[in-house]
Amino acid sequence: MRSSICRTARLLMTSLSPNDAVFVTPSHQVPTGVTMPMERRRQLLATAQERDFLIVEDDYDFEMSFLHAPSPSLKSLDQTGRVIYVGSFSKALFPGLRIGHLVAPAPFIAEARRLRLLILRHPPGHMQRTTAYFLALGHYDQLVRDMRIAFAERPTIAARAIERVGLEVSGAATIGGTNLWVRGPDGLDALRLANAARKSGVLIEPGTPFYDLPKGPVPFFRLAYSSIITERIEKDISLLADRLHGGLQE
């Protein structure tokens, strides 16, 4: 779930033509989770300058960098003021907080505030103050460190279990992240698998909605590991495999 600031940035761009702005999630591409390499980041910035368009960088979940250090954001590399940086505390804290942040030229931020008033006045003041104190006292940094430690071994365990049951990790962030993009066997309908797996208490996100006009069943799905204790990962993936190999009886 993204912050309302991220939605505001998108709405600000609706008056522009499709060629005026590009929206990217460089730390974790949605849905595959793949991290944009430095060479591609520099190439994107150069292309934005050459073709005269803006870049909205949605850098959600960049804090979950427990495998390697995070790459510099596009905003930090921007020398021409073409990048609008948006982020959210929804992943690291909790979705109901609805607080994010935006780094952009002052006129843009002023316009974003005016537009936001048409959608939502503001999150409750006490929640904003509580979040500010949480950050100022260093608790957020400690939380992120604890989360990185907790998540460090989970993707490795999940990836091994996935391969063991005949599935394939098709995409993952090189720096860490909170989920894996998984490919099932040819002909698999991830929607049917999701419905069947739910009966066993295993939730996955089918990849079908990420395809504009799929020509057939989509075998891809996202598998999150951030909210599952390490000891349950292999068992839950085995339950998923049972549903997969058992004919997807719902």
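What percentage of the 250 residues of the protein chain count as buried? I looked this up before anything else, in what is a predicted model, and found that 44% of the residues count as buried.

**Entry: the chain as a whole**

I went through the secondary structure and noted 9 helices and 8 strands in the protein chain. I then looked at contacts between residues at least 6 apart in sequence, and found that 72% of them join residues at least 24 apart.

**Entry: helix 7 and what lies over it**

Which residues of helix 7 are buried? I listed R154, P155, I157, A158, A159, A161 and I162. I then checked what covers these buried residues, and the cover includes helix 6 (139-151), strand 5 (168-171), strand 6, strand 8 and helix 9.

**Entry: helix 7 against helix 9**

Two packed helices are described by the angle between their axes and the distance between the axes, and I looked up both. The axes of helix 7 and helix 9 come within 9 Å and cross at roughly 30 degrees. Angles under 35 degrees count as roughly parallel, and helix 7 and helix 9 are therefore roughly parallel to each other. Their crossing is right-handed. On the helix 7 side I found R154, I157, A158, A161, I162 and R164, which meet I233, E234 and I237 of helix 9. Sorted by class, this contact has 6 nonpolar residues, 3 charged residues and no polar ones.

**Entry: helix 8 against helix 9**

At what angle do the axes of helix 8 and helix 9 cross? I found roughly 120 degrees for helix 8 (residues 190-198) and helix 9 (residues 233-245), with the axes coming within 9 Å. Helix 8 and helix 9 are therefore oblique to each other, and I noted that this crossing is right-handed. The residues in contact are L193, A196 and A197 from helix 8, together with L240, R243 and L244 from helix 9. By class I recorded 5 nonpolar residues and 1 charged residue in this contact, with no polar residue.

**Entry: R222 in strand 8**

Is R222 buried or exposed? I placed R222 in strand 8 and found that R222 counts as buried, because its relative accessibility is 15% and buried means under 20%. Leaving out neighbours within four places in sequence, I listed its contacts as V30, P31, Y60, N179, L180, W181, I204, E205 and F210. I also looked up the C-alpha to C-alpha distance from R222 to A190, which is 9.7 Å, although the two residues are 32 apart in sequence.

The peptide bond from V30 to P31 is cis, with omega near 15 degrees. I located P31 in the loop between strand 1 (21-24) and helix 2 (38-51), and both V30 and P31 are among the contacts of R222.

D52 is not a glycine, yet I found a positive phi of about 60 degrees for it. D52 sits in the loop between helix 2 and strand 2 (54-58), and D52 is exposed, with a relative accessible area of 51%.

R98 is likewise not a glycine and has a positive phi of about 55 degrees. I located R98 in the loop between strand 3 (83-88) and strand 4 (100-103), and noted that R98 counts as buried at 19% relative accessibility.

Definitions and conventions
Residues numbered from 1 in each chain as written. Predicted model: local features only at pLDDT ≥ 70, side-chain atom pairs only at ≥ 80, totals over all residues. Heavy atoms only, no water. Axes fitted to C-alpha atoms, helices over the stretch in contact; angles between N-to-C directions. Helix = DSSP H or I, 4+ residues; strand = E, 2+ residues; numbered from the N terminus. Parallel < 35°, antiparallel > 145°, perpendicular 65-115°, else oblique. Left-handed = near helix turned anticlockwise from the far one by under 90°. Contact = heavy atoms within 4.5 Å. Nonpolar A, V, L, I, M, F, W, Y, C, P; charged D, E, K, R; others polar. Buried < 20%, exposed > 50% of the residue type's maximum accessible area, 1.4 Å probe, protein only.
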